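Subject: Structure for your review

Dear colleague,

Please find below the structure that I am handing over to you. My notes on what was found in it follow.

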Amino acid sequence: TFCGLELGMTKDKCSIEIHQRKYIHQLLVKYDLCFTKPLLAISMAKEVDEEEPSEEELRELQMRAGELNWLATRTRPDLAYYVSVLASALKKHKDWAMQLAKKILKYLSGTKDQGLVCSCPVGASRGAPSATDAPVIDIYSDAGFAGHGTRSQTGIIIFVAGNPVLWRSARQTTT
């Protein structure tokens, strides 16, 4: 365990697995969701309520968003979009945001064994990589169209030698 991340070798001893199973388990225990039916996908209906949370409810929602953001920014890029949407909605849509936070936790219950697998770069097993063994950098991006009067969501993920090293999901700054 290092900085809250759990590290281990894969069965083939060629890659390192990085996950946060213990932290996910702690969250599921904290919110009494250990024995709930897990979700394998997260669905989001439109935000229906316009009710702002009280100060106490806002702190609770911010805490949940922060806990989930810790996962999304460390070992679970699959959560980045949902956590970004949650953080954007919690000040104006308290009930919807609480439901989304619960759905994300149920999704984690069904996918707690997922994490990152980092492979050795080409040439690393033979000593120092040569110029011809330089790792490849792949960058993928996408954006959704949110419609008139709203802002779209955008995402990016960067891989070095096939390993994810940076990811982000956020609302675009312009309509």
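The buried residues of helix 3 are Ala80, Tyr82, Val83, Ser84, Val85, Leu86 and Ala89. Here, buried means under 20% relative accessible area, exposed means over 50%, and partly exposed lies in between (1.4 Å probe, protein chains only). Helices (H or I, at least four residues) and strands (E, at least two) are DSSP runs, numbered from the N terminus. With seven of its 10 residues buried, helix 3 is mostly covered. Its buried residues pack against helix 2, helix 4, strand 5 and strand 6, where a contact means heavy atoms within 4.5 Å.

Please note that this is a predicted model, in which local features need pLDDT of at least 70 and side-chain atom pairs count only at pLDDT 80 or more, while totals for chains, interfaces and linings use all residues. Residues are numbered from 1 along each chain as its sequence is written, and side-chain values use heavy atoms, with hydrogens and water left out.

**The chain as a whole**

The protein chain contains four helices and six strands, and from the N terminus on its elements follow the order β-β-α-α-α-α-β-β-β-β. Of its 175 residues, 33% count as buried. Among the contacts with a separation of 6 or more, 62% are between residues 24 or more positions apart. The accessible surface of the chain is about 11,100 Å², and 56% of this belongs to carbon and sulfur atoms; such areas come from the Shrake-Rupley method with a 1.4 Å probe, and for residues only the protein chains shown count as cover.

**Helix 2**

Helix 2 (residues 55-72) has 18 residues, which at 1.5 Å a residue should span 26 Å; the end C-alpha atoms are 25 Å apart, in agreement with this. The expected span is 1.5 Å times one less than the number of residues. Buried in helix 2 are Leu58, Leu61, Arg64, Ala65, Glu67, Leu68, Leu71 and Ala72. An α-helix has 3.6 residues a turn, so residues three or four places apart point the same way. The cover over the buried residues of helix 2 includes helix 1 (21-30), helix 3 (80-89), helix 4 (94-111) and strand 6 (163-171).

**Aromatic pairs**

Rings of Phe, Tyr and Trp (its six-membered ring) pair if their centres lie within 6.5 Å; planes under 30 degrees apart count as stacked, over 60 as edge-to-face and the rest as tilted. By this rule there are two aromatic pairs. The ring centres of Tyr81 and Tyr82 are 5.2 Å apart and the planes stand at 75°, so this pair is edge-to-face. Tyr81 is partly exposed, at 34% relative accessibility. Tyr140 and Phe159 also form an edge-to-face pair, with 5.9 Å centre to centre and 80° between the planes. This pair links distant parts of the chain, 19 residues apart: Tyr140 belongs to strand 4 (residues 137-143) and Phe159 to strand 5 (residues 153-160). Tyr140 is partly exposed at 49% relative accessibility, and Phe159 is partly exposed at 21%.

**Salt bridges**

A salt bridge is a side-chain nitrogen of Lys or Arg within 4 Å of a carboxyl oxygen of Asp or Glu. By this rule the count is eight. One of them joins the side chains of Arg21 and Asp113 (3.0 Å, N to O). It links distant parts of the chain, with Arg21 in helix 1 and Asp113 in the loop between helix 4 and strand 3 (116-119), 92 residues apart. Arg21 is partly exposed at 25% relative accessibility, whereas Asp113 is exposed at 53%.

Another salt bridge joins Glu51 and Lys94 (3.3 Å, N to O). Glu51 lies in the loop between helix 1 and helix 2 and Lys94 lies in helix 4, so the pair ties together parts that are 43 residues apart in sequence. Lys94 is buried, at 13% relative accessibility.

Arg76 and Asp78 form a further salt bridge, with their closest N and O atoms 2.9 Å apart. Arg76 is buried, with a relative accessible area of 1%, whereas Asp78 is partly exposed, with 27%. Salt bridges with shared partners also join Glu17, Arg21 and Asp113 into one network.

**A loop residue**

Asp32, in the loop between helix 1 and helix 2, has a positive phi of about 55° although it is not a glycine. Most residues other than glycine have a negative phi. Asp32 is exposed, with a relative accessible area of 70%.

Yours sincerely
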